[in-house]
Amino acid sequence: QFAKPEDAVKYRQSAKVLMASHFGRMVPVIKGEAPYDAEAIKENVALLNTLAALPWGAFGPGFEGGDSKSEVWTDTKGFDEKRENFKVAIQNLSTAADSADLAQLKAAFGKAGQSCKSCHDSYRKD
Ligand code: ASC
């Protein structure tokens with residue numbers, strides 16, 4: 001799948017650049033600075049849902065590097081928990097987007113952001 005670790009690093013970083021873009025572009029809506037277009041948010045969250053599945057295969061054995069702490073590979077149980085937590089957060093974000101309820105979207109968005117941050121705090125070099 002990846003010929004060398006650098007390829008895996010590039011892949012997971014690329015996936016997260018796209019995730020950050022599709023996450024970040026919802027911020028004006030969440031802050032009430034842009035109108036809530038439920039269909040546009042739904043499409044955006046569907047993309048995010050697809051993108052959110054991508055990075056994990058690129059954290060496999062031997063793919064150390066980039067901004068990742070070595071704990072990703074030594075504390076696999078903890079890392080798996082963060083991954084699972086994120087998966088649930090993105091599922092909840094999808095449910096919220098489908099509901100077309102802005103209050104529900106805001107809550108799910110906040111939780112998803114916390115999930116991103118929680119994993120970065122533990123497993124990303126600063
Ligand atoms: C983003 C992004 C993150 C998360 C995190 C949320 O848009 O790039 O890493 O949100 O900052 O707290």
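Visitor: Which element gives the largest share of the shell around the ligand?
Guide: That is α6, with four residues. Keep in mind that this is a predicted model.

Visitor: Which residues are around the ligand?
Guide: A20, F23, G113, C116, K117 and H120.

Visitor: And how does that shell split by class?
Guide: Three residues are nonpolar, two are polar and one is charged.

Visitor: What about G113, how far is its backbone from a ligand oxygen?
Guide: A backbone N or O atom of G113 sits 3.3 Å from an oxygen atom of the ligand.

Visitor: And the side chain of H120?
Guide: An N or O atom in the H120 side chain is 3.4 Å from a ligand oxygen.

Visitor: How much of the ligand's accessible area does the protein cover?
Guide: The protein covers 58% of it. On its own, the ligand has 310 Å².

Visitor: Which elements give two or more residues to the shell?
Guide: α1 (5–24) and α6 (102–123).

Visitor: New topic. Where is S68?
Guide: In the loop between α3 (38–51) and α4 (71–74).

Visitor: Buried or exposed?
Guide: S68 counts as buried, because its relative accessibility is 11% and the cut-off for buried is under 20%.

Visitor: What does S68 touch, leaving out residues up to four places away in sequence?
Guide: R12, F59, W73, Y123 and K125.

Visitor: Which of those has a side chain joined to that of S68 by a polar contact?
Guide: R12 does, and the contact between the two side chains is 3.2 Å.

Technical notes: Residues are numbered from 1 along each chain as its sequence is written. This is a predicted model: local features need pLDDT of at least 70, side-chain atom pairs count only at pLDDT 80 or more; totals for chains, interfaces and linings use all residues. Side-chain values use heavy atoms; hydrogens and water are left out. A residue is near a molecule or strand if one of its heavy atoms lies within 4 Å of it. A polar contact is a pair of N or O atoms within 3.5 Å; within protein, one must be able to donate a hydrogen and the other to accept it, and residues adjacent in sequence count only if both atoms are side-chain atoms. Accessible areas come from the Shrake-Rupley method with a 1.4 Å probe; for residues, only the protein chains shown count as cover. Ala, Val, Leu, Ile, Met, Phe, Trp, Tyr, Cys and Pro count as nonpolar, Asp, Glu, Lys and Arg as charged, and the others, Gly among them, as polar. Buried means under 20% relative accessible area, exposed over 50%, partly exposed in between (1.4 Å probe, protein chains only). Contact means heavy atoms within 4.5 Å.
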